[in-house]
Amino acid sequence: MSEGTAYGLGVGPGDPELVTLKALRLMQRCEVLAYPAPETGPSLARGIVAPHLEGCTPVEYAIRMPMEAARFPAAAVYDRAASELGAHLAAGRDVAVLCQGDPFFYGSFMYLFTRLATRFTVEVVPGVAALTASAPILEMAQAASVIPATLPEADLTARLAATDAAAIIKIGRHMPKLRRVLDALGLTSSARYIERATLPEQAIRPLAELADDAAPYFATVLVHRRGGAVEG
Ligand SMILES: C[S@@+](CC[C@H](N)C(=O)[O-])C[C@H]1O[C@@H](n2cnc3c(N)ncnc32)[C@H](O)[C@@H]1O
């Protein structure tokens, strides 16, 4: 019996219509459907594709892990997932792994990929990254950075000081630290807060107008030194 193939499928930032045709075809025909999920509660990736899976009856496998950056990556979680999904692959079943956004753009899929790719065929289908769904407008010679808010305050300050534009990801409980850094650099008025982009509950507003420091994990802050727009 031949082994199955594992597919890492990018499912886009949130809007189900931002799933590629290739990812759609594969998720609808794989026998096993895996997806990351928080320790409790629903999976964002699974929720994004829910309208596409009506009538499909794959074996489902939630890879439950802490969304809290300090505890990432949770090696034991990926070891177990690779072992259990590996058993399906060895038995000849194709496995689709749903990945929010793009699988390899800061995606936790990388931890599964490194465990599976040494033993099985793994194919990756790129997806629309949240960043490209909410990118700053850049002039051709400008440098842009992607900066995790999880960095220590001094590193965050140095990186933001050195770039023309930045997408700061993994906000969550790091918002107070990020606010301090942006204030100190005089960048708060150039920062835009984007929560759950392309989902029905999307919220976009100037950072300065946020009433408090409460921010979910699926939030990004865009900073542009000149306030955002390209000048002609
Ligand atoms: C670990 S990264 C994964 C990125 C994903 N692989 C992608 O390609 O978009 C997760 C971070 O991306 C950002 N993010 C993902 N989806 C988002 C959305 N719909 N709206 C705003 N930010 C989002 C948040 O900053 C979140 O903490």
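Lys and Arg count as positive and Asp and Glu as negative, while His and the chain ends are not counted; the place of a charge is taken as NZ of Lys, CZ of Arg, CG of Asp or CD of Glu.

This is a predicted model, in which local features need pLDDT of at least 70, side-chain atom pairs count only at pLDDT 80 or more, and totals for chains, interfaces and linings use all residues. Residues are numbered from 1 along each chain as its sequence is written, and side-chain values use heavy atoms, with hydrogens and water left out.

Figure 1. The protein chain has seven helices and 10 strands (DSSP runs numbered from the N terminus: helices are H or I, at least four residues; strands are E, at least two). Its radius of gyration is 19 Å, close to the 17 Å of the globule rule for 232 residues, so the protein chain is as compact as a globular protein of that length. The radius is taken over C-alpha atoms, and the rule is 2.2 Å times the number of residues to the power 0.38. The C-alpha trace spans about 60 × 35 × 35 Å along its principal axes. Of the 232 residues, 45% are buried (under 20% relative accessible area; exposed is over 50% and partly exposed in between, with a 1.4 Å probe and protein chains only). The mean positions of the 21 positive and 24 negative charges are 4 Å apart.

**Figure 2. The salt bridge of Asp94 and Arg29.** This pair meets through its side chains at 3.0 Å, N to O (a salt bridge is a side-chain nitrogen of Lys or Arg within 4 Å of a carboxyl oxygen of Asp or Glu). Distant parts of the chain are linked here: Asp94 is in the loop between α3 (75-90) and β4 (95-99), and Arg29, 65 residues apart from it, is in helix α1 (residues 21-29). Asp94 is buried at 14% relative accessibility, whereas Arg29 is partly exposed at 39%.

**Figure 3. The salt bridge of Arg46 and Glu60.** The N to O distance between these side chains is 2.9 Å. Arg46 belongs to helix α2 (residues 44-49) and Glu60 to strand β3 (residues 59-64), 14 residues apart. Glu60 is partly exposed, with a relative accessible area of 35%.

**Figure 4. The salt bridge of Asp79 and Arg115.** The side chains meet at 2.7 Å, N to O. Asp79 lies in helix α3 and Arg115 in helix α4 (residues 109-116), so the pair ties together parts 36 residues apart in sequence. Asp79 is partly exposed at 45% relative accessibility, and Arg115 is partly exposed at 23%. The structure holds five salt bridges.
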